[in-house]
Amino acid sequence: MALTDSIAINGSDTVPKLFMHRVANFSQKVAVREKEFGIWNEYTWDDWGTHAREIGLGLKSLGLGRSDVVSIASEINKEWLFTDLGIVCVGGICNGVYATDSPQQVKYLINDSGSKFYFAEDEEQLDKVLQVRDTTPTLEKIIIFDMEGLRDLDDEMCLSIEQLRELGRTYDEAHPSEWSNEVQKASPEDVIILTYTSGTTGRPKGAMITQRNMIFMMTCIQNCLSVYPTDRQLGFLPLAHIAGRMFYVYSVIEARSIVHLIEDPDTMINDICEVEPTVHFAVPRVWEKQHSLVTLKLKKSTKFAKSMYDFALKIGYARAERILLNLQVSVFIEALFKVCDFLVLRNIKRALGLDKCRWLSTAAAPIAPELIRWYWALGLPMYELYGQTECTGIATCNVESRRRLGSVGPAAKGIDVTLSAENEILICSPGVIKGYWNRPEQTADTIRQDWLYTGDIGRIDDDGFVYVVDRMKDIIITAGGKNITPSEIENHLKFSPYITDAVVIGDRRPYLTCMIMIDHDNVTQYAQETDVPFTNYESLCHTDEILDLIAQEVERVNQQFAQAETIKKFRLIDQLLDAEDEELTPTQKLKRNVISQKYASIIDKMYA
Amino acid sequence: MLESSTLLSVQNIETYYGPVSAVCGVSLVVEQGAIVTVLGANGAGKTTVLKTIAGLMFPAKGMVHFEGENITGIEPDKIVRLGIAHVPEGREVFPLLSTEENLRLGSLNNQLSRLDVVYEYFPILQKHRKLSAGFLSGGQQQMLAIGRALMQTPRLIMFDEPSLGLSPKLVHEISEIITRINTEQSVSILLVEQNAKMALQVAQYGYILEQGRVVMENTCERLSASTDVKEFYLGMKEAGVRGQRRWKRRKTWR
């Protein structure tokens with residue numbers, strides 16, 4: 001596909017037109033379900049359309065102009081979806097803020113994006129923005145989704161979403177054709193979304209995603225993974241992240257499937273079992289958690305159950321091995337698998353809520369191939385895909401007909417992927433962003449002659465399958481001159497049920513060391529079972545038994561690597577980290593640079 | 001194996017009520033002569049820890065050592081004879097017996113001389129020595145329960161929420177008595193409390209239990225300074241920008 005070709009879905013070349021097409025043609029069909037106090041409430045396309053219209057026009061009545069930025073700071077909920085489309089349809093630019101961001105980050109995001117309006121989920125999010133509003137000159141109004149505890153709020157800068165919708169209704173009555181005018185005004189080159197990325201150096205940069213980028217990516221998801229109107233999706237990742245936004249909002253608009261929004265991150269495991277999604281996207285952290293959940297449950301179960309599981313999984317692996325190599329599965333194995341599935345595996349899938357899934361998809365972080373293999377062995381096809389915010393999501397994707405374990409798949413339809421002389425992955429796609437918000441220099445640095453320089457090192461095999469090696473800046477060159485890709489080692493470590501995350505260190509050092517974050521639940525349980533005395537998290541991390549346990553896990557991983565790639569020493573991160581800590585990304589990954597700085601003295605001791 | 005100054009050491013006890021685990025792997029130490037407090041919300045497992053030490057409940061796992069001796073699973077009466085007194089939650093005095101009869105019940109071999117010690121601490125009990133314990137006020141009943149524990153010359157007294165249902169003035173009095181008993185009688189004290197403010201003032205070292213696990217342990221001075229303890233146990237919140245704040249931070253326990 002040439003980069004200038006126009007792209008359209010159902011004759012709509014912009015998101016507002018497509019969205020209004022859905023609202024007009026499927027008005028009574030359910031689009032969103034949201035769990036509130038344990039009950040799943042339904043919202044049709046008509047509801048979504050009405051809310052978006054009222055919110056959009058309400059913002060207009062308050063002075064939102066085309067290409068003005070509006071920020072939303074909230075966990076995933078229906079208001080997020082409604083507001084997103086409301087902003088986009090009247091020509092605004094929607095920027096997501098993570099609910100876990102600190103007031104300082106909020107201040108930076110508002111100022112960098114020049115946000116005029118700010119949507120705050122609740123009291124907590126409101127307090128953050130109120131703390132910094134004296135230093136955010138562009139900010140005009142703050143709109144609050146959930147007014148619980150704010151009945152007495154008297155602040156002329158703040159209003160509730162209900163008040164905003166009321167303004168929108170009044171405005172609509174006075175200007176009845178305004179809404180459709182704005183929808184028609186949308187042009188494919190308009191920026192609709194800012195997504196902030198941490199980038200390699202410096203402060204977060206706002207990636208400008210255009211109407212055209214988005215329409216292209218919506219067709220791309222459909223081509224790669226196929227989502228049907230009958231599909232149920234589970235929405236649980238933050239929408240400020242490009243993956244969450246694509247899968248839970250825009251792919252839903254494209255496919256007319258139903259997205260189910262969870263009540264709370266803590267209830268996710270129950271919610272998924274109730275929804276039984278038919279297609280499911282998640283990040284490696286979630287897949288790892290589910291795997292360790294099963295591993296742990298089994299430890300507590302009877303000998304009989306364990307041997308049943310081992311046997312069923314053996315059959316599952318045998319079958320998966322054939323499928324993954326695109327070989328015919330023998331009738332005998334298939335029959336045996338059916339029996340195992342009926343007796344054992346189905347129950348596991350049910351407990352994970354994945355029983356009805358047609359496909360699983362993983363991206364946003366590296367994942368261990370063993371983990372993907374495990375899901376295949378359960379009988380669940382899992383496809384790894386690769387992309388970046390800067391290409392609006394997908395660049396390469398394993399698909400049913402073309403897949404290879406360990407690879408992130410071939411370039412998706414309409415996208416070119418190649419390598420630079422330094423083996424950096426380059427992407428040319430209609431999804432490549434227009435640039436970074438107010439940062440022409442960094443834009444010119446990242447996008448050169450239509451090619452997006454990803455900052456990832458990779459390789460491409462003869463059949464066009466792409467393999468991502470690591471982030472370019474993360475490659476470790478040891479004092480001995482050996483090039484090492486830490487993420488591969490880290491992935492193997494994370495596969496252990498006792499290890500949540502790890503950061504391998506060793507750049508310009510004589511050997512590799514590692515900072516490890518233990519899996520709190522699983523290690524606590526282990527400690528309890530083996531009578532290891534401990535009190536709090538910190539003391540747990542310092543017990544000899546736990547250090548031995550992790551040492552065994554590290555040793556197991558070391559055996560799979562060459563001598564120079566083995567971890568000689570490790571330390572545990574003895575603080576229980578939370579999403580609000582700077583050590584973690586919003587998707588709960590350890591930040592390599594923060595860890596190496598914060599724990600510098602501990603790391604240096606490992607080399608003393 | 002234990003240091004000489006360690007009086008009581010609890011290692012990894014797990015205690016169940018039927019299939020429900022109330023305490024899952026709690027370890028704590030009471031040094032000779034110390035006041036140690038265990039804080040926690042309702043259902044955190046505080047009382048269960050005391051009951052397990054007192055021998056009223058049998059731990060599924062773990063060990064309790066007293067003066068270096070393993071006392072796990074020993075009959076409650078033997079534990080009392082070793083010198084551990086338990087002041088139960090809600091006082092549990094015998095309402096139909098008189099005050100003095102209640103006190104005599106606490107004595108191991110009817111050492112009535114101890115009565116004078118108790119009456120010295122709680123003159124009001126002497127005044128009502130013939131009165132049925134059921135007619136005593138809540139505060140007096142609490143004093144009676146403490147007095148009953150003192151009767152046996154214990155080495156360790158375990159208090160289970162002595163401030164329960166008492167007026168602030170009485171809470172203050174009881175806390176002073178606890179400190180006095182600790183110094184004057186050289187009795188170590190394990191104090192379980194919901195009244196975190198009082199407990200952190202009285203004790204030197206504290207453990208915080210949540211859902212059957214220790215999430216934090218430190219000196220009371222440090223605990224009182226921790227933001228989590230301040231917000232969740234002492235009710236001290238930074239007021240926030242609007243002068244009020246209802247939402248809660250996530251607990252991190254550090």
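These legends walk through close-up views of a predicted model. Local features need pLDDT of at least 70 and side-chain atom pairs count only at pLDDT 80 or more, while totals for chains, interfaces and linings use all residues. Residues are numbered from 1 along each chain as its sequence is written, with chains lettered from A and ligands numbered from 1 in the order in which they are written.

**View 1. The open sheet of chain B.** Six strands line up as β6-β7-β8-β3-β9-β10 (chain B), with mixed pairing. Strands here are DSSP runs of E, at least two residues, and helices are runs of H or I, at least four residues, numbered from the N terminus; two strands pair if DSSP finds at least two bridges between them. At the edges sit β6 (84–87) and β10 (213–219) of chain B, each pairing on one side only.

**View 2. Where β9 meets β10 in chain B.** Strand β9 (residues 205–210) of chain B runs antiparallel to β10(B), and six bridges join the two. Look for Leu209(B): opposite it, in β10(B), stands Val214(B).

**View 3. A helix laid over the strands.** Helix α1 (residues 46–53) of chain B lies across β3 (35–40), β6, β7 (156–160), β8 (188–193) and β9 of chain B. Contact means C-beta atoms, placed from the backbone, within 7 Å.

**View 4. Chain B against chain A.** The contact takes 22 residues from chain B and 18 residues from chain A. On the chain B side, β1 (6–17), β2 (20–31) and β10 each supply at least two residues, and β10(B) gives the largest share, four residues.

Technical notes. Two residues are in contact if their C-beta atoms, placed from the backbone, lie within 7 Å. Axes are lines fitted to C-alpha atoms, for helices over the stretch in contact, and angles run from 0 to 180 degrees between N-to-C directions.
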